[in-house]
Amino acid sequence: NFSFSKLNNNLLIAPSFNFGISNKFNKKFILAGQINKTIKEKIVTFKNVDGTIIHQENVMPGKVITSQIDEPTYQVDDKHIEYVFLGWDYDYKNQTITQDITITAQYKINEYVFLNFYDANDALVFSDKTLKGNDYTYPNSDPLKQCDEENYGYKFVGWNNSLNNIVSDTDYYPEFEKVSAYYVTFLDNDGDELYKQKVNEGDEAFYVGLTPTKPSETSGKYT
């Protein structure tokens, strides 16, 4: 519907309109819509040094990794090589994840040499390992060698190979020199022999026999 207005009986100035909108619709109109957006999770992959996948999980963007990741290990067939875990190449703890990420284990590589020690009869008596290039101290007492000659003995003077800056697997055999020897006899109070020991020149004697005693002649005792 519309009508014209007059001003002082002159010309029409402007039309005025009055539209009516029916509240009845023959068609369905969408006045507002909601868009559903799928948020894609990020993939976090933990790998060992050889590329093997240790652990993998999906994490929502902006979130942190909450899984407990066990400390990995890595071994090779060579017994001389040892891998010592140092950590991961990315500090993922308390860090929000915003993209797919691969986290790789980091190791320190230790290289070892193996040592075998033998006695005077060429029998293996001790084995150990040490880091390549290290010096080594034999942890046991010096090896002994029996001498059947009455007035002589064998004194240990060292090993056939150096214990300094060891760079390869090494066998160690004791080396001796022939020296003069003496017998040290331990006697009790009556002059009876308690213990007798053959001692190489320059060495110390030591008593390993029974503790000597003396019958008491009074109410006291001897110490």
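Is Y138 buried or exposed? Y138 is buried in this predicted model, with a relative accessible area of 15%. The cut-off for buried is under 20%, so Y138 falls on the buried side.

**View 1. Y138 sits in a loop.** The loop in question runs between β7 (124-131) and β8 (152-159). Y138 touches F117, V125, F126 and W159, leaving out residues up to four places away in sequence. L163 is 25 residues from Y138 along the chain. The C-alpha atoms of Y138 and L163 are separated by 8.5 Å.

**View 2. The largest nonpolar core has 13 residues.** V44, F46, I65, W88, Y92, I97 and I103 have the most contacts inside this core. Three strands each supply at least two of its residues: β3 (42-47), β5 (81-88) and β6 (101-118). β6 gives the most, with four residues. In soluble globular proteins, nonpolar side chains tend to be buried together.

**View 3. F46 is a member of the largest core.** What does F46 contact, beyond its neighbours within four places in sequence? The partners of F46 are T52, I53, I54, H55, I65, I69, W88, Y92 and I103. Among them, I65, W88, Y92 and I103 are also listed with F46 for having the most contacts inside the core.

**View 4. A second, separate core has 11 residues.** Its members include V113, L115, F117 and Y136. One of these, F117, is touched by Y138 from View 1.

**View 5. T45 lies in strand β3.** How accessible is T45? Its relative accessibility is 6%, so T45 counts as buried.

**View 6. β8 pairs with β10.** Strand β10 covers residues 174-187. β8 and β10 run antiparallel, joined by seven bridges. Look for G158: its bridge partner in β10 is E175.

**View 7. β10 also pairs with β11.** Strand β11 covers residues 193-200. The pairing is antiparallel, over seven bridges. V184 has Q197 of β11 as its bridge partner. β10 and β11 form a hairpin with five residues between the strands. In this hairpin, G191 takes a positive phi near 90°.

Note on methods
Residues numbered from 1 in each chain as written. Predicted model: local features only at pLDDT ≥ 70, side-chain atom pairs only at ≥ 80, totals over all residues. Heavy atoms only, no water. Core = buried A, V, L, I, M, F, W, Y, C linked by side-chain atoms within 4.5 Å. Buried < 20%, exposed > 50% of the residue type's maximum accessible area, 1.4 Å probe, protein only. Contact = heavy atoms within 4.5 Å. Pairing = 2+ DSSP bridges.
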